[in-house]
Amino acid sequence: MNKDFYKDLPGWLCVVLDESIKEYGNEPWFDKAWEEYRQHIKNSSMDDMKMPGYVFNKYINNNGDK
């Protein structure tokens, strides 16, 4: 799991992401959702950055199908 973008995030968001790893890390869709969120962070300014649920909920609500 690539956490290279953590260095650019506020500490509280890293905690949220670590909790998401604990909760969903074993789901078959997790790697795909993680990479999608990672790309969102890398391509967004701090003002435009969305919380992880922005990506993760799409997978959770569609049973892993996006």
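**Ser20.** I started with Ser20 and found it in helix α1. Keep in mind that I'm working from a predicted model. Is Ser20 buried or exposed? Its relative accessibility is 11%, so Ser20 counts as buried, the cut-off being under 20%. Next I looked up what Ser20 touches, skipping neighbours within four places in sequence: the contacts are Gly25, Phe30 and Phe56.

**The two helices.** Phe30 took me on to helix α2, which covers residues 30-42, while α1 covers residues 11-24. I checked how their axes sit: they come within 11 Å and cross at roughly 165°. That angle makes α1 roughly antiparallel to α2, because anything over 145 degrees gets that label. I also noted the handedness, and α1 passes α2 in a right-handed crossing.

**Who meets whom.** Which residues of α1 meet α2? I wrote down Leu13, Leu17, Ser20, Ile21 and Tyr24 on the α1 side. Across from them, α2 brings in Phe30, Trp34 and Tyr37. Sorted by class, this contact has seven nonpolar residues, one polar and no charged ones.

**Rings.** With those aromatic names on the page, I looked for ring pairs. How many aromatic pairs turn up in the whole structure? The search finds 10. I picked out Phe5 with Tyr6, an edge-to-face pair at 5.5 Å centre to centre, with 75° between the planes. Phe5 and Tyr6 are both buried. Then I followed the ring pairs along, and they link up a cluster: Phe5, Tyr6, Tyr24, Trp29, Phe30, Trp34, Tyr37, Phe56 and Tyr59.

Key
Residues numbered from 1 in each chain as written. Predicted model: local features only at pLDDT ≥ 70, side-chain atom pairs only at ≥ 80, totals over all residues. Heavy atoms only, no water. Axes fitted to C-alpha atoms, helices over the stretch in contact; angles between N-to-C directions. Helix = DSSP H or I, 4+ residues; strand = E, 2+ residues; numbered from the N terminus. Parallel < 35°, antiparallel > 145°, perpendicular 65-115°, else oblique. Left-handed = near helix turned anticlockwise from the far one by under 90°. Contact = heavy atoms within 4.5 Å. Nonpolar A, V, L, I, M, F, W, Y, C, P; charged D, E, K, R; others polar. Phe/Tyr/Trp six-rings, centres within 6.5 Å; stacked < 30°, edge-to-face > 60°. Buried < 20%, exposed > 50% of the residue type's maximum accessible area, 1.4 Å probe, protein only.
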